[in-house]
Amino acid sequence: MKIGFIGAGKMALALARGMVGAQVVAPQEIIASARSAASQARFLAAFSSFPAHPAWTTSNTEVIARAETIVLGLKPQMLPEEAPRLAEAINAAGPRLIISIAAGTSLDSLRKWLGPNARVVRSMPNTPVLVGQGATAYVGAPEATETDLELAGRYLGAGGKAWRVEREEWMNAITALSGSGPAYVFYFAEALAEAGVQQGLPRPFALELAVQTLLGAAAMMQPGPPGSAPALPPLELANQVKSPNGTTVAGCTVLEEQGFFRLIQSAVAAARRRADELGRPA
Ligand SMILES: NC(=O)c1ccc[n+]([C@@H]2O[C@H](COP(=O)([O-])OP(=O)(O)OC[C@H]3O[C@@H](n4cnc5c(N)ncnc54)[C@H](OP(=O)(O)O)[C@@H]3O)[C@@H](O)[C@H]2O)c1
């Protein structure tokens with residue numbers, strides 16, 4: 001097996017599906033583990049449109065024994081308890097590239113828990129990898145080779161964009177911005193739709209308008225094909241919509257006066273504090 005997933009929840013599933021969608025791995029080159037039948041059913045259902053499906057086991061040891069690269073998709077809180085068993089399996093199986101996606105969990109902790117056979121890469125993906133639009137950052141431990149980091153980049157970049165960073169101290173800020181970021185955008189979409197309902201629109205139509213507006217605005221912020229002009233910065237794009245004395249200025253003025261920027265900064269700061277806490281020993 002090329003790649004194994006230990007903990008086959010929402011994020012592991014999104015990554016695995018993104019990798020298969022981008023044809024970086026085939027379904028039959030994947031093995032995944034979790035404890036419950038519900039996790040198994042959800043994970044395997046995501047590959048039902050393919051002729052082959054991933055292997056499944058309830059044994060994390062089996063995943064480590066059979067896969068060359070392991071994605072650690074457990075919740076950060078579960079890692080200290082599970083780590084001795086994982087370390088034992090890695091010790092028995094031989095050197096392994098381990099890609100952790102656990103929020104807040106440092107390379108030092110992972111290296112200490114998993115032992116000398118683990119060449120660890122710490123990463124922070126986000127759920128849009130499921131639809132090929134993920135934003136993922138990753139950083140390697142000293143034992144991770146260039147080849148490991150290239151491979152990690154290929155796997156993590158399969159479902160979108162992946163940035164290799166050198167500074168691990170950025171990872172919790174990245175977690176708070178792009179790891180948690182899709183949820184902020186979903187909140188914004190809901191809030192925009194709800195505001196439309198308050199102005200008399202039917203809810204389903206308001207939601208469709210809000211979602212399409214987000215998609216269109218996001219597309220305008222994307223750089224075009226190589227050689228084309230770079231996308232304008234977000235506030236310049238906003239300025240283009242704000243005709244003097246018009247409706248958009250009226251709306252944006254309220255956003256500015258009522259602390260929209262401060263609100264987002266507070267949300268990201270709170271997520272960052274939580275990532276810091278998750279990384280501290282209990
Ligand atoms: N969700 C996000 O947007 C996001 C973004 C970036 C990073 N992350 C990171 O991704 C990781 C997983 O988060 P998630 O949102 O995907 O959580 P989740 O959906 O709850 O997934 C956790 C998975 O671990 C399994 N599990 C629990 N204990 C296990 C054990 N002892 N052995 C094997 N599997 C076990 C669970 O299934 P069973 O209960 O059936 O065992 C479940 O499949 C976290 O470390 C999180 O920080 C998440």
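Author: Contact means heavy atoms within 4.5 Å of each other. The model is predicted, so to speak a computed guess, with residues numbered from 1 along each chain as its sequence is written. Local features need pLDDT of at least 70, side-chain atom pairs count only at pLDDT 80 or more, totals for chains, interfaces and linings use all residues, and side-chain values use heavy atoms, leaving out hydrogens and water.

Reader: How many Å separate the centres of domain 1 and domain 2?
Author: The chain splits into domain 1 (3–168) and domain 2 (181–277), with bounds from an automatic or database domain assignment. Taken over C-alpha atoms, the separation of their centres is 32 Å.

Reader: How many residues of domain 2 are in contact with domain 1?
Author: On the domain 1 side, seven residues take part. By class these are one nonpolar, five polar and one charged (Ala, Val, Leu, Ile, Met, Phe, Trp, Tyr, Cys and Pro count as nonpolar, Asp, Glu, Lys and Arg as charged, the others, Gly among them, as polar).

Reader: Which residues come nearest to the ligand?
Author: There are 23 residues around the ligand, each with a heavy atom within 4 Å of it. Coming nearest are Met11, Arg35, Ser36, Ser39 and Leu74.

Reader: How far does a polar side-chain atom of Glu82 lie from a nitrogen atom of the ligand?
Author: For Ser39, a polar side-chain atom sits 2.7 Å from a ligand oxygen, and a backbone N or O atom of Leu74 is also 2.7 Å from an oxygen of the ligand. For Glu82 and the ligand nitrogen, the distance is 3.3 Å.

How values were computed:
A polar contact is a pair of N or O atoms within 3.5 Å; within protein, one must be able to donate a hydrogen and the other to accept it, and residues adjacent in sequence count only if both atoms are side-chain atoms.
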